[in-house]
Amino acid sequence: MYPNVEQTMQEIERLVNIPGPSGFAFKAIAYVTETLEGIGYDVQRTNKGGVLITVPGKDDTRHKYLTAHVDTLGAMVKEILPSGRLRLSMIGGFRWNAVEGEYCEIHTADKVYTGTICLHETSVHVYRNAGDIKRDDNHMEVRIDEVVKSQEDTEKLGISVGDFITFNPRCEITASGFIKSRHLDDKASAAMLIQLLRYLKSENIQLPHTTHFYFSNNEEIGYGGNSNIPDQVVEYIAVDMGALGDGQSSDEYTVSICAKDSSGPYHYELKQHLVKLCKDNNIDYKVDIYPYYGSDASAAMHAGHDIKHGLFGAGIESSHAMERTHKDSLLNTEKLIYHYVMSAVL
């Protein structure tokens, strides 16, 4: 049966538990590579470290291109403090309050250590105004789960400036149909593309157009899918998350189609085509504007590619924090992905 949302959620759970902030996503890329090779696809690894799959179609003159990214938010060691704790530099667009108190891992060249991201002035029994202190680069630090009392102690562990810090995703699938975890942006979409590729191969389905599937590894820092786009590509779809919040129409139960983000409007006719596919196939959808957002599709446009670009994905609550979506949103998104790849280019 396709789509099988329960299987998709299990695939998401596997992906989010693989650490991989931008610049350090090689384990997630390796997982995608091994999975797709196991299904029977020829996998191309790009110089930037992404994964590209090309599925031949009946029409090999006008191609489609779909992306999802497996890189996530994270941090890097910026400084080892005299106390032995670590000061951090962010990777990607998150806010420190979203990771305060979180368990994390410090990845050295030879070993992985655990720790907790803390406000320096956490103890309310010592710091009367702890709740008012700004959560920023100067106040947030990592408490390492090792006996360290000085900068020298931490350096002896092999920890150094430039080491990556990853966050515990805390993934859970609830009986009520939700999946909640860090990094659903955008591993939920990556899982859905893997599931589609598995279905196409198992049923020996031929697509109407040659279609490329790119799993990018640098989207969170702005340049994941702006290269390796063949000249024959006419349409480019970023399968990413729908942003939820006050003033947004998107929710956790429908597929969210983006009309405009911070880069400007997406291609009008392609957006209308996605809406029509939803209407014709009884797919629950919302059209929305994401005010503080950019995608691999907008990065490709900025890079100068002559393509029609679009963006849609599952509605994700609390983006770049403890994210959540419902199986209904995943189901509607998977249906739209399938009907889109089976449709003719504009």
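Leu-184 lies in helix H4; helices (H or I, at least four residues) and strands (E, at least two) are DSSP runs, numbered from the N terminus. The model is a predicted one, in which local features need pLDDT of at least 70 and side-chain atom pairs count only at pLDDT 80 or more, while totals for chains, interfaces and linings use all residues. Residues are numbered from 1 along each chain as its sequence is written, and side-chain values use heavy atoms, with hydrogens and water left out.

With a relative accessible area of 1%, Leu-184 is buried; buried means under 20% relative accessible area, exposed over 50%, and partly exposed in between (1.4 Å probe, protein chains only). Leaving aside neighbours within four places in sequence, Leu-184 is in contact with Ile-12, Val-16, Ile-179, Ile-316, Glu-323, Arg-324 and Thr-325, where contact means heavy atoms within 4.5 Å. Leu-81 stands 103 residues from Leu-184 along the chain, and the C-alpha atoms of the two are separated by 32 Å. Helix H4 also holds Asp-186, and the peptide bond leading from Asp-185 to Asp-186 is cis, with omega near 5 degrees.

The next topic is the packing of H4 on H7. Two packed helices are described by the angle between their axes and the distance between the axes. For H4 (residues 184–202) and H7 (residues 327–341), the angle is about 50 degrees and the axes are 10 Å apart. Axes here are lines fitted to C-alpha atoms, for helices over the stretch in contact, and angles run from 0 to 180 degrees between N-to-C directions. The angle of about 50 degrees makes H4 oblique to H7. Angles under 35 degrees count as roughly parallel, over 145 as roughly antiparallel, 65 to 115 as roughly perpendicular and the rest as oblique. The crossing of H4 past H7 is right-handed; a crossing is left-handed if the near helix is turned anticlockwise from the far one by less than a right angle, and right-handed if clockwise.

On the H4 side, Ala-188, Met-192, Leu-193, Gln-195, Leu-196 and Tyr-199 meet Leu-330, Thr-333, Glu-334, Ile-337, Tyr-338 and Val-341 of H7. By class, this contact of H4 with H7 has 9 nonpolar, 2 polar and 1 charged residues. Ala, Val, Leu, Ile, Met, Phe, Trp, Tyr, Cys and Pro count as nonpolar, Asp, Glu, Lys and Arg as charged, and the others, Gly among them, as polar.

Within H7, Thr-333 is buried, with a relative accessible area of 0%. Not counting residues up to four places away in sequence, Thr-333 touches Met-192, Val-255, Phe-312, Gly-313 and Ala-314. A polar atom of the Thr-333 side chain lies 3.3 Å from the backbone nitrogen of Ala-314. Thr-114 is 219 residues from Thr-333 in sequence and 36 Å away in space, C-alpha to C-alpha. Ser-329 also lies in H7 and is buried, with a relative accessible area of 0%. Apart from neighbours within four places in sequence, Ser-329 is in contact with Asp-251, Glu-252, Tyr-253, Thr-254, Ala-314 and Gly-315.

Helix H1 (residues 5–16) packs with H7 at an angle of about 100 degrees, with the axes 10 Å apart. That makes H1 roughly perpendicular to H7. Val-5, Glu-6, Thr-8, Met-9 and Ile-12 of H1 meet Lys-327, Leu-330, Leu-331 and Glu-334 of H7, and by class the contact of H1 with H7 has 5 nonpolar, 1 polar and 3 charged residues. In the segment before H1 is Pro-3, joined to Tyr-2 by a cis peptide bond with omega of about -5 degrees.

Backbone geometry comes next. Most residues other than glycine have a negative phi, and most peptide bonds are trans. Arg-170 has a positive phi, near 55 degrees, and is found in the loop between strand S9 (164–167) and strand S10 (172–173). Arg-170 is partly exposed, with a relative accessible area of 45%. Asn-228, in the loop between strand S12 (207–216) and strand S13 (233–239), has a positive phi of about 60 degrees. Asn-228 is partly exposed, at 31% relative accessible area.

Strand S6 (residues 103–107) contains His-107, which is buried, with a relative accessible area of 6%. The His-107 side chain makes a polar contact with the side chain of Thr-166 (2.9 Å). A polar contact is a pair of N or O atoms within 3.5 Å; within protein, one must be able to donate a hydrogen and the other to accept it, and residues adjacent in sequence count only if both atoms are side-chain atoms. Not counting residues up to four places away in sequence, His-107 touches Pro-19, Phe-24, Val-112, Asp-163, Phe-164 and Thr-166.
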